[in-house]
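Please read these points with the model open beside you.

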Amino acid sequence: MWRYLAGGVGTLVLVGAGLFLWGSRPDTPSPLPAASAATAVSPQTATTNDTPLPEASAKTREQKRFDRYDKDRDGTITREEYLAARRKAYAKLDRDGDGKLSFDEWAIKATTKFATADRDKSGAMNAAEFATTAVKRRPAGRANCPPVRTAPAEAPEAAPAEES
């Protein structure tokens, strides 16, 4: 019984000490530079940054999506404009052109992916074959961003080449 009581008291002491130390730590400085340092321009960087920076587009993602559907640019999307993309996708799936989708036509992408992954053509995939069906994700990159410009570093003095 005394062990449980001692353990509980010890835990409370540790938690109290942790809160005391956490509350008494000094405020951390801001990771952002001061405004005066950010606006200061050295003569060296003033000559390299004379080119204007590209302006960001005012269109939002939803506006761009709307514009893709609004083919006649009248500010409205008609039923025909909305279904045009669907009709093209449907026509690609309807391989025999009969106006009806069979299950195999509808599942052509999955069927093709399975046939490609099944290397030994056994009709079943083992773990290694199944691993090839994973979706390949592209990392989100920085689109349309100018490269970061840095001041040119001074070249160190060249050391004499050793002769062998």
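1. Where is the place of Thr 133? Thr 133 is in the segment after α8, the helix of residues 127-131. Keep in mind that this is a predicted model.

2. Is Thr 133 buried or exposed? Its relative accessible area is 16%, and because buried means under 20%, Thr 133 counts as buried. Leaving aside residues up to four places away in sequence, Thr 133 touches Lys 113, Ala 117 and Met 125.

3. On the aromatic side, searching the whole structure gives 2 aromatic pairs. In one of them, the ring centres of Tyr 69 and Tyr 82 are 5.5 Å apart with the planes at 25°; planes under 30 degrees apart count as stacked, so this pair is stacked. Tyr 69 belongs to helix α4 (residues 61-69) and Tyr 82 to helix α5 (residues 79-93), so the pair ties together parts 13 residues apart in sequence.

4. The two tyrosines can also be described by accessibility. Tyr 69 is buried, at 17% relative accessibility, whereas Tyr 82 is partly exposed, at 39%. Tyr 82 also has Arg 86 over the face of its ring, at 4.8 Å from the ring centre.

5. The rings of Phe 103 and Trp 106 have centres 5.7 Å apart and planes at 45°, so that pair is tilted. Both residues lie in helix α6 (residues 103-106), 3 residues apart, about one turn of the helix. Phe 103 counts as exposed at 59% relative accessibility, and Trp 106 counts as exposed at 56%.

Note on methods. Residues numbered from 1 in each chain as written. Predicted model: local features only at pLDDT ≥ 70, side-chain atom pairs only at ≥ 80, totals over all residues. Heavy atoms only, no water. Helix = DSSP H or I, 4+ residues; strand = E, 2+ residues; numbered from the N terminus. Buried < 20%, exposed > 50% of the residue type's maximum accessible area, 1.4 Å probe, protein only. Contact = heavy atoms within 4.5 Å. Phe/Tyr/Trp six-rings, centres within 6.5 Å; stacked < 30°, edge-to-face > 60°. Lys NZ or Arg CZ within 6 Å of the ring centre and 35° of its normal.
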